[in-house]
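Have the sequence and the 3D view ready.

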Amino acid sequence: MKTNKPVCVTGASGFIAAHIVRELLERGYRVRGTVRKNPESYPFLLALPGAAERLELVQADLLAAGSYDLAVEGCDYVMHTASPYEINVKNPQTDLVDPAVNGTETVLESCIKSGNVKRVIFTSSIAAITDEPDSNKVFTEKDWNTMSSLDRNPYHFSKTAAELAAWDFIMKRRPAFDLVAINPFMVIGPSLGPSLNTSNEIIRDIMTGVYPGIMDMNWGFVDVRDVAKAHVLAIETDTASGRYLCSAEAVHMRELVALLKSAGFEGYALPKINLTGKAGTMLMKALSFTQPKNIGMYIRTTIGRTMRYDNAKIRRELGISFKPVKESMIDTVHDMIKWGHLPPQKK
Ligand code: NAP
(Lines give C-alpha, C1' and ligand atoms only; values in the text may rest on other atoms or scores of the structure.)
Protein backbone atom coordinates (compact mmCIF):
# COMPACT_ATOMS: atom_id res chain seq x y z
CA MET A 1 0.00 0.00 0.00
CA LYS A 2 1.31 3.40 -1.00
CA THR A 3 -0.24 5.67 1.65
CA ASN A 4 -2.17 5.64 4.93
CA LYS A 5 -3.85 8.89 3.99
CA PRO A 6 -7.16 8.87 2.10
CA VAL A 7 -6.98 8.64 -1.68
CA CYS A 8 -9.37 11.17 -3.22
CA VAL A 9 -11.54 9.91 -6.12
CA THR A 10 -13.60 12.62 -7.84
CA GLY A 11 -16.98 11.59 -9.32
CA ALA A 12 -17.08 8.47 -7.13
CA SER A 13 -20.66 7.71 -8.23
CA GLY A 14 -19.49 7.13 -11.82
CA PHE A 15 -19.17 3.77 -13.58
CA ILE A 16 -15.35 3.80 -13.62
CA ALA A 17 -14.81 5.68 -10.35
CA ALA A 18 -16.99 3.29 -8.33
CA HIS A 19 -14.70 0.47 -9.46
CA ILE A 20 -11.64 2.54 -8.52
CA VAL A 21 -13.16 3.03 -5.05
CA ARG A 22 -13.82 -0.74 -4.81
CA GLU A 23 -10.27 -1.59 -5.94
CA LEU A 24 -8.71 0.86 -3.46
CA LEU A 25 -10.83 -0.42 -0.56
CA GLU A 26 -10.01 -4.01 -1.50
CA ARG A 27 -6.28 -3.16 -1.32
CA GLY A 28 -6.71 -1.63 2.15
CA TYR A 29 -6.64 2.08 1.25
CA ARG A 30 -8.74 4.78 2.87
CA VAL A 31 -10.85 6.53 0.25
CA ARG A 32 -12.46 9.95 0.06
CA GLY A 33 -14.93 10.03 -2.84
CA THR A 34 -16.60 13.15 -4.14
CA VAL A 35 -20.26 13.06 -5.19
CA ARG A 36 -22.80 15.67 -6.24
CA LYS A 37 -25.74 14.63 -4.08
CA ASN A 38 -26.14 13.74 -0.43
CA PRO A 39 -23.82 10.77 0.37
CA GLU A 40 -26.86 8.73 1.49
CA SER A 41 -27.96 8.74 -2.17
CA TYR A 42 -25.21 6.24 -3.00
CA PRO A 43 -26.01 3.05 -1.03
CA PHE A 44 -24.08 0.95 -3.59
CA LEU A 45 -20.87 2.77 -2.62
CA LEU A 46 -21.57 2.73 1.11
CA ALA A 47 -22.17 -1.05 0.94
CA LEU A 48 -18.80 -1.89 -0.66
CA PRO A 49 -16.59 -4.18 1.43
CA GLY A 50 -14.45 -1.98 3.69
CA ALA A 51 -16.61 1.12 3.04
CA ALA A 52 -18.02 1.31 6.55
CA GLU A 53 -14.51 1.64 7.99
CA ARG A 54 -12.57 3.37 5.21
CA LEU A 55 -14.86 5.25 2.77
CA GLU A 56 -15.89 8.84 3.25
CA LEU A 57 -18.12 10.65 0.73
CA VAL A 58 -18.02 14.44 0.41
CA GLN A 59 -19.98 16.74 -1.89
CA ALA A 60 -18.26 18.72 -4.65
CA ASP A 61 -19.13 20.16 -8.05
CA LEU A 62 -16.81 20.74 -10.99
CA LEU A 63 -18.50 24.05 -11.76
CA ALA A 64 -18.01 25.57 -8.29
CA ALA A 65 -14.66 27.25 -7.65
CA GLY A 66 -12.90 25.91 -4.56
CA SER A 67 -15.34 23.00 -4.38
CA TYR A 68 -12.57 20.36 -4.06
CA ASP A 69 -10.46 22.10 -1.38
CA LEU A 70 -11.82 19.95 1.45
CA ALA A 71 -11.95 16.81 -0.66
CA VAL A 72 -8.20 16.75 -1.40
CA GLU A 73 -7.06 18.07 1.97
CA GLY A 74 -4.49 15.73 3.54
CA CYS A 75 -4.37 13.40 0.49
CA ASP A 76 -1.16 12.17 -1.15
CA TYR A 77 -3.02 10.93 -4.22
CA VAL A 78 -5.98 12.27 -6.18
CA MET A 79 -7.78 10.44 -8.98
CA HIS A 80 -9.69 12.94 -11.10
CA THR A 81 -12.32 10.97 -13.00
CA ALA A 82 -15.37 13.29 -12.79
CA SER A 83 -16.37 14.66 -16.19
CA PRO A 84 -19.61 14.49 -18.14
CA TYR A 85 -19.66 11.45 -20.45
CA GLU A 86 -22.49 12.13 -22.87
CA ILE A 87 -22.56 12.28 -26.64
CA ASN A 88 -25.92 13.89 -27.22
CA VAL A 89 -25.87 17.26 -25.46
CA LYS A 90 -27.78 20.50 -26.11
CA ASN A 91 -24.96 22.93 -25.40
CA PRO A 92 -21.46 21.43 -25.86
CA GLN A 93 -19.74 24.39 -24.20
CA THR A 94 -21.74 24.45 -20.96
CA ASP A 95 -22.72 20.76 -20.82
CA LEU A 96 -19.30 19.27 -21.67
CA VAL A 97 -16.35 21.63 -22.05
CA ASP A 98 -16.89 23.87 -19.02
CA PRO A 99 -17.18 21.06 -16.45
CA ALA A 100 -14.37 19.07 -18.12
CA VAL A 101 -11.84 21.91 -18.45
CA ASN A 102 -12.76 24.32 -15.64
CA GLY A 103 -13.42 21.33 -13.39
CA THR A 104 -9.95 19.91 -14.05
CA GLU A 105 -8.34 23.27 -13.29
CA THR A 106 -10.46 23.60 -10.13
CA VAL A 107 -9.35 20.18 -8.88
CA LEU A 108 -5.67 20.87 -9.68
CA GLU A 109 -5.92 24.26 -7.99
CA SER A 110 -7.22 22.55 -4.82
CA CYS A 111 -4.32 20.07 -5.03
CA ILE A 112 -1.81 22.96 -5.08
CA LYS A 113 -3.56 24.63 -2.14
CA SER A 114 -3.47 21.44 -0.07
CA GLY A 115 0.32 21.38 -0.26
CA ASN A 116 0.36 17.60 0.30
CA VAL A 117 -0.51 15.99 -2.99
CA LYS A 118 2.22 13.87 -4.59
CA ARG A 119 0.48 12.64 -7.74
CA VAL A 120 -2.76 13.24 -9.63
CA ILE A 121 -4.14 10.50 -11.86
CA PHE A 122 -6.28 12.05 -14.57
CA THR A 123 -8.91 9.93 -16.31
CA SER A 124 -8.56 11.01 -19.90
CA SER A 125 -9.75 9.02 -22.91
CA ILE A 126 -8.91 7.65 -26.33
CA ALA A 127 -11.01 10.69 -27.33
CA ALA A 128 -7.97 12.86 -26.50
CA ILE A 129 -5.86 10.73 -28.87
CA THR A 130 -8.13 10.75 -31.93
CA ASP A 131 -11.74 11.04 -33.07
CA GLU A 132 -10.99 9.60 -36.51
CA PRO A 133 -9.46 6.16 -36.98
CA ASP A 134 -6.93 6.02 -39.79
CA SER A 135 -6.55 2.62 -41.42
CA ASN A 136 -2.87 3.35 -42.21
CA LYS A 137 -1.85 4.37 -38.71
CA VAL A 138 -1.28 2.72 -35.33
CA PHE A 139 -2.20 5.22 -32.60
CA THR A 140 -0.09 5.58 -29.44
CA GLU A 141 0.21 7.94 -26.47
CA LYS A 142 2.20 10.31 -28.70
CA ASP A 143 -0.93 11.17 -30.70
CA TRP A 144 -3.28 14.02 -29.88
CA ASN A 145 -6.74 14.64 -31.22
CA THR A 146 -6.43 17.86 -33.21
CA MET A 147 -9.68 17.57 -35.16
CA SER A 148 -12.52 17.76 -32.65
CA SER A 149 -14.27 21.04 -31.87
CA LEU A 150 -17.54 22.28 -30.39
CA ASP A 151 -19.13 21.33 -33.73
CA ARG A 152 -17.29 18.11 -34.37
CA ASN A 153 -17.46 15.33 -31.73
CA PRO A 154 -17.73 17.76 -28.78
CA TYR A 155 -17.33 15.02 -26.15
CA HIS A 156 -13.95 14.20 -27.73
CA PHE A 157 -13.18 17.91 -27.76
CA SER A 158 -14.00 18.24 -24.06
CA LYS A 159 -11.69 15.36 -23.13
CA THR A 160 -8.85 16.67 -25.30
CA ALA A 161 -9.20 20.21 -23.95
CA ALA A 162 -9.34 18.92 -20.35
CA GLU A 163 -6.24 16.75 -20.71
CA LEU A 164 -4.35 19.57 -22.46
CA ALA A 165 -5.40 21.94 -19.68
CA ALA A 166 -4.07 19.49 -17.09
CA TRP A 167 -0.64 19.18 -18.77
CA ASP A 168 -0.54 22.92 -19.33
CA PHE A 169 -1.27 23.49 -15.63
CA ILE A 170 1.65 21.23 -14.67
CA MET A 171 4.00 22.98 -17.10
CA LYS A 172 3.10 26.53 -16.10
CA ARG A 173 2.51 26.12 -12.36
CA ARG A 174 5.25 23.56 -11.62
CA PRO A 175 3.38 22.06 -8.63
CA ALA A 176 4.98 19.65 -6.17
CA PHE A 177 2.88 16.81 -7.62
CA ASP A 178 3.16 15.01 -10.94
CA LEU A 179 0.41 14.00 -13.33
CA VAL A 180 -0.34 10.64 -14.94
CA ALA A 181 -3.10 10.30 -17.52
CA ILE A 182 -5.02 7.10 -18.20
CA ASN A 183 -6.63 7.06 -21.66
CA PRO A 184 -9.18 4.25 -21.87
CA PHE A 185 -11.08 3.29 -25.04
CA MET A 186 -14.64 1.96 -24.75
CA VAL A 187 -15.06 0.83 -21.13
CA ILE A 188 -17.42 -2.09 -20.56
CA GLY A 189 -18.17 -4.49 -17.73
CA PRO A 190 -20.36 -4.90 -14.68
CA SER A 191 -21.68 -1.77 -13.02
CA LEU A 192 -21.60 -1.33 -9.25
CA GLY A 193 -24.51 1.13 -9.38
CA PRO A 194 -27.91 1.18 -11.05
CA SER A 195 -27.12 3.63 -13.91
CA LEU A 196 -26.43 2.42 -17.43
CA ASN A 197 -23.14 3.89 -18.63
CA THR A 198 -22.90 5.36 -22.15
CA SER A 199 -20.39 2.70 -23.27
CA ASN A 200 -22.43 -0.26 -21.98
CA GLU A 201 -25.48 1.37 -23.60
CA ILE A 202 -23.86 0.83 -27.01
CA ILE A 203 -23.75 -2.94 -26.32
CA ARG A 204 -27.39 -2.82 -25.18
CA ASP A 205 -28.33 -0.99 -28.40
CA ILE A 206 -26.49 -3.54 -30.55
CA MET A 207 -28.51 -6.29 -28.82
CA THR A 208 -31.90 -4.64 -29.04
CA GLY A 209 -32.23 -3.84 -32.74
CA VAL A 210 -31.23 -0.16 -32.58
CA TYR A 211 -28.63 -0.70 -35.32
CA PRO A 212 -30.12 -1.61 -38.71
CA GLY A 213 -27.16 -3.72 -39.77
CA ILE A 214 -23.55 -4.62 -39.17
CA MET A 215 -21.48 -1.55 -40.00
CA ASP A 216 -17.81 -1.25 -40.92
CA MET A 217 -16.76 0.04 -37.49
CA ASN A 218 -14.40 -1.22 -34.82
CA TRP A 219 -13.76 -0.19 -31.25
CA GLY A 220 -11.16 -0.92 -28.63
CA PHE A 221 -12.76 -2.37 -25.50
CA VAL A 222 -11.44 -2.46 -21.98
CA ASP A 223 -12.95 -3.96 -18.86
CA VAL A 224 -13.89 -1.42 -16.18
CA ARG A 225 -12.12 -3.60 -13.57
CA ASP A 226 -8.89 -3.30 -15.59
CA VAL A 227 -9.32 0.47 -15.92
CA ALA A 228 -9.71 0.70 -12.12
CA LYS A 229 -6.60 -1.44 -11.63
CA ALA A 230 -4.65 0.81 -14.03
CA HIS A 231 -5.53 3.87 -11.92
CA VAL A 232 -4.33 2.20 -8.74
CA LEU A 233 -1.16 0.86 -10.42
CA ALA A 234 -0.47 4.43 -11.52
CA ILE A 235 -0.09 5.44 -7.87
CA GLU A 236 1.68 2.26 -6.81
CA THR A 237 4.27 2.45 -9.62
CA ASP A 238 6.72 5.22 -8.72
CA THR A 239 8.11 5.35 -12.26
CA ALA A 240 4.68 5.81 -13.90
CA SER A 241 4.69 8.90 -16.08
CA GLY A 242 2.92 10.58 -18.96
CA ARG A 243 -0.10 9.10 -20.73
CA TYR A 244 -1.26 5.49 -20.83
CA LEU A 245 -3.48 4.25 -23.64
CA CYS A 246 -5.65 1.74 -21.78
CA SER A 247 -7.45 -0.81 -23.92
CA ALA A 248 -7.52 -4.53 -24.65
CA GLU A 249 -7.98 -5.57 -28.26
CA ALA A 250 -9.97 -3.78 -30.96
CA VAL A 251 -13.05 -5.64 -32.16
CA HIS A 252 -14.96 -5.10 -35.41
CA MET A 253 -18.77 -4.89 -35.17
CA ARG A 254 -18.95 -8.10 -37.24
CA GLU A 255 -16.77 -9.91 -34.68
CA LEU A 256 -18.73 -8.38 -31.81
CA VAL A 257 -22.02 -9.75 -33.15
CA ALA A 258 -20.38 -13.17 -33.75
CA LEU A 259 -18.93 -13.10 -30.23
CA LEU A 260 -22.34 -12.34 -28.69
CA LYS A 261 -23.93 -15.15 -30.72
CA SER A 262 -21.23 -17.64 -29.75
CA ALA A 263 -21.70 -16.66 -26.09
CA GLY A 264 -25.33 -17.81 -26.32
CA PHE A 265 -27.07 -14.44 -26.84
CA GLU A 266 -28.38 -15.23 -30.33
CA GLY A 267 -31.98 -14.77 -29.07
CA TYR A 268 -31.52 -10.96 -28.95
CA ALA A 269 -32.25 -8.62 -31.88
CA LEU A 270 -28.63 -8.59 -33.05
CA PRO A 271 -28.05 -6.83 -36.39
CA LYS A 272 -28.17 -9.23 -39.34
CA ILE A 273 -27.83 -7.23 -42.56
CA ASN A 274 -24.24 -6.92 -43.72
CA LEU A 275 -23.49 -3.24 -44.33
CA THR A 276 -19.72 -3.54 -44.05
CA GLY A 277 -19.00 -3.01 -47.77
CA LYS A 278 -18.51 0.34 -49.55
CA ALA A 279 -22.22 0.60 -50.46
CA GLY A 280 -23.22 -0.12 -46.85
CA THR A 281 -20.85 2.54 -45.57
CA MET A 282 -22.25 5.10 -48.03
CA LEU A 283 -25.79 4.20 -46.99
CA MET A 284 -24.97 4.52 -43.28
CA LYS A 285 -23.23 7.87 -43.86
CA ALA A 286 -26.39 9.12 -45.58
CA LEU A 287 -28.61 7.72 -42.80
CA SER A 288 -26.37 9.29 -40.16
CA PHE A 289 -27.90 12.67 -41.04
CA THR A 290 -31.23 11.41 -39.67
CA GLN A 291 -29.60 10.78 -36.26
CA PRO A 292 -29.15 13.36 -33.47
CA LYS A 293 -26.33 15.71 -34.54
CA ASN A 294 -23.48 14.36 -32.41
CA ILE A 295 -24.34 10.70 -32.98
CA GLY A 296 -24.45 11.27 -36.74
CA MET A 297 -21.13 13.10 -36.56
CA TYR A 298 -19.52 10.24 -34.62
CA ILE A 299 -20.74 7.71 -37.20
CA ARG A 300 -19.42 9.78 -40.12
CA THR A 301 -15.95 10.23 -38.59
CA THR A 302 -15.48 6.54 -37.71
CA ILE A 303 -17.38 4.36 -40.19
CA GLY A 304 -15.37 2.68 -42.97
CA ARG A 305 -12.11 3.21 -41.04
CA THR A 306 -10.12 0.69 -39.02
CA MET A 307 -8.91 1.78 -35.61
CA ARG A 308 -5.51 0.36 -34.68
CA TYR A 309 -3.52 1.23 -31.57
CA ASP A 310 -0.62 0.03 -29.47
CA ASN A 311 -1.16 -0.70 -25.76
CA ALA A 312 2.46 -1.78 -25.10
CA LYS A 313 3.33 1.15 -22.78
CA ILE A 314 0.72 0.39 -20.13
CA ARG A 315 1.44 -3.35 -20.22
CA ARG A 316 5.18 -2.77 -19.93
CA GLU A 317 5.29 0.11 -17.42
CA LEU A 318 2.28 -0.64 -15.19
CA GLY A 319 2.47 -4.42 -15.65
CA ILE A 320 -1.20 -4.72 -16.50
CA SER A 321 -2.70 -7.57 -18.50
CA PHE A 322 -6.16 -7.10 -19.95
CA LYS A 323 -9.17 -9.39 -19.57
CA PRO A 324 -10.21 -10.89 -22.91
CA VAL A 325 -12.99 -8.78 -24.49
CA LYS A 326 -15.27 -11.83 -24.80
CA GLU A 327 -15.20 -12.38 -21.03
CA SER A 328 -15.94 -8.67 -20.34
CA MET A 329 -18.72 -8.67 -22.91
CA ILE A 330 -20.44 -11.70 -21.34
CA ASP A 331 -20.18 -10.13 -17.86
CA THR A 332 -21.59 -6.86 -19.26
CA VAL A 333 -24.63 -8.58 -20.75
CA HIS A 334 -25.42 -10.53 -17.57
CA ASP A 335 -24.99 -7.37 -15.52
CA MET A 336 -27.33 -5.32 -17.76
CA ILE A 337 -29.95 -8.08 -17.34
CA LYS A 338 -29.41 -8.01 -13.56
CA TRP A 339 -30.03 -4.23 -13.38
CA GLY A 340 -33.03 -4.43 -15.75
CA HIS A 341 -31.32 -2.48 -18.59
CA LEU A 342 -31.73 -5.46 -20.91
CA PRO A 343 -34.63 -7.93 -20.86
CA PRO A 344 -33.71 -11.55 -20.19
CA GLN A 345 -33.30 -13.57 -23.37
CA LYS A 346 -36.50 -15.23 -24.66
CA LYS A 347 -36.30 -19.03 -24.37
P1 NAP B 1 -20.07 8.31 -15.63
O2 NAP B 1 -20.54 7.04 -15.03
O3 NAP B 1 -21.08 9.13 -16.36
O4 NAP B 1 -19.34 9.16 -14.54
C5 NAP B 1 -19.11 10.52 -14.67
C6 NAP B 1 -18.91 11.10 -13.30
O7 NAP B 1 -18.65 12.50 -13.41
C8 NAP B 1 -20.14 10.96 -12.40
O9 NAP B 1 -19.71 10.67 -11.10
C10 NAP B 1 -20.76 12.35 -12.45
O11 NAP B 1 -21.52 12.68 -11.30
C12 NAP B 1 -19.49 13.19 -12.50
N13 NAP B 1 -19.82 14.53 -12.96
C14 NAP B 1 -20.32 14.94 -14.15
N15 NAP B 1 -20.50 16.27 -14.15
C16 NAP B 1 -20.11 16.71 -12.94
C17 NAP B 1 -20.05 17.99 -12.31
N18 NAP B 1 -20.47 19.10 -12.92
N19 NAP B 1 -19.56 18.06 -11.05
C20 NAP B 1 -19.16 16.96 -10.38
N21 NAP B 1 -19.20 15.73 -10.91
C22 NAP B 1 -19.66 15.62 -12.17
O23 NAP B 1 -18.94 8.01 -16.71
P24 NAP B 1 -17.66 7.09 -16.66
O25 NAP B 1 -17.70 6.25 -17.86
O26 NAP B 1 -17.45 6.45 -15.35
O27 NAP B 1 -16.55 8.19 -16.92
C28 NAP B 1 -15.62 8.58 -15.94
C29 NAP B 1 -14.46 9.25 -16.64
O30 NAP B 1 -13.89 8.33 -17.57
C31 NAP B 1 -14.85 10.47 -17.46
O32 NAP B 1 -13.82 11.41 -17.33
C33 NAP B 1 -14.93 9.94 -18.89
O34 NAP B 1 -14.68 10.93 -19.82
C35 NAP B 1 -13.79 8.92 -18.85
N36 NAP B 1 -13.85 7.86 -19.86
C37 NAP B 1 -14.92 7.01 -19.93
C38 NAP B 1 -14.92 6.00 -20.89
C39 NAP B 1 -16.05 5.01 -21.00
O40 NAP B 1 -16.09 4.27 -22.00
N41 NAP B 1 -16.94 4.90 -20.04
C42 NAP B 1 -13.85 5.88 -21.78
C43 NAP B 1 -12.78 6.77 -21.68
C44 NAP B 1 -12.80 7.75 -20.70
P45 NAP B 1 -23.09 12.33 -11.21
O46 NAP B 1 -23.16 10.87 -10.86
O47 NAP B 1 -23.58 13.21 -10.13
O48 NAP B 1 -23.69 12.65 -12.55
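W219 has V251 as its bridge partner in β11. Before we go further, a word on the ground rules: the model is predicted, so local features need pLDDT of at least 70 and side-chain atom pairs count only at pLDDT 80 or more, while totals for chains, interfaces and linings use all residues. Residues are numbered from 1 along each chain as its sequence is written, and side-chain values use heavy atoms, with hydrogens and water left out.

Back to our strands. β9 (residues 218-223) and β11 run antiparallel and are joined by 3 bridges. Strands here are DSSP runs of E with at least two residues, helices are runs of H or I with at least four, and both are numbered from the N terminus. Two strands pair if DSSP finds at least two bridges between them. β9 and β11 belong to an open sheet of 3 strands, in the order β7-β9-β11, with mixed pairing. β7 and β11 (250-252) each have a single partner strand, so one side of each lacks a neighbour in the sheet. On average, neighbouring strands of this sheet are turned by 45° against each other, direction ignored. Helix α7 (residues 198-207) lies across β7 and β9, at about 80° to β7. For such angles, axes are lines fitted to C-alpha atoms, for helices over the stretch in contact, and angles run from 0 to 180 degrees between N-to-C directions; contact means heavy atoms within 4.5 Å.

Now turn to another sheet. This open sheet has 7 strands in the order β3-β2-β1-β4-β5-β6-β10, with parallel pairing. At its edges are β3 (55-59) and β10 (242-246), each pairing on one side only. Helix α5 (residues 92-114) lies across β1 (7-10), β4 (77-80) and β5, at about 175° to β4. Helix α6 lies across β5, β6 and β10, running at about 165° to β6.

An oxygen atom of the ligand is 2.7 Å from an N or O atom in the side chain of S13, and an oxygen atom of the ligand is 2.8 Å from one in the side chain of R36.

Conventions
A polar contact is a pair of N or O atoms within 3.5 Å; within protein, one must be able to donate a hydrogen and the other to accept it, and residues adjacent in sequence count only if both atoms are side-chain atoms.
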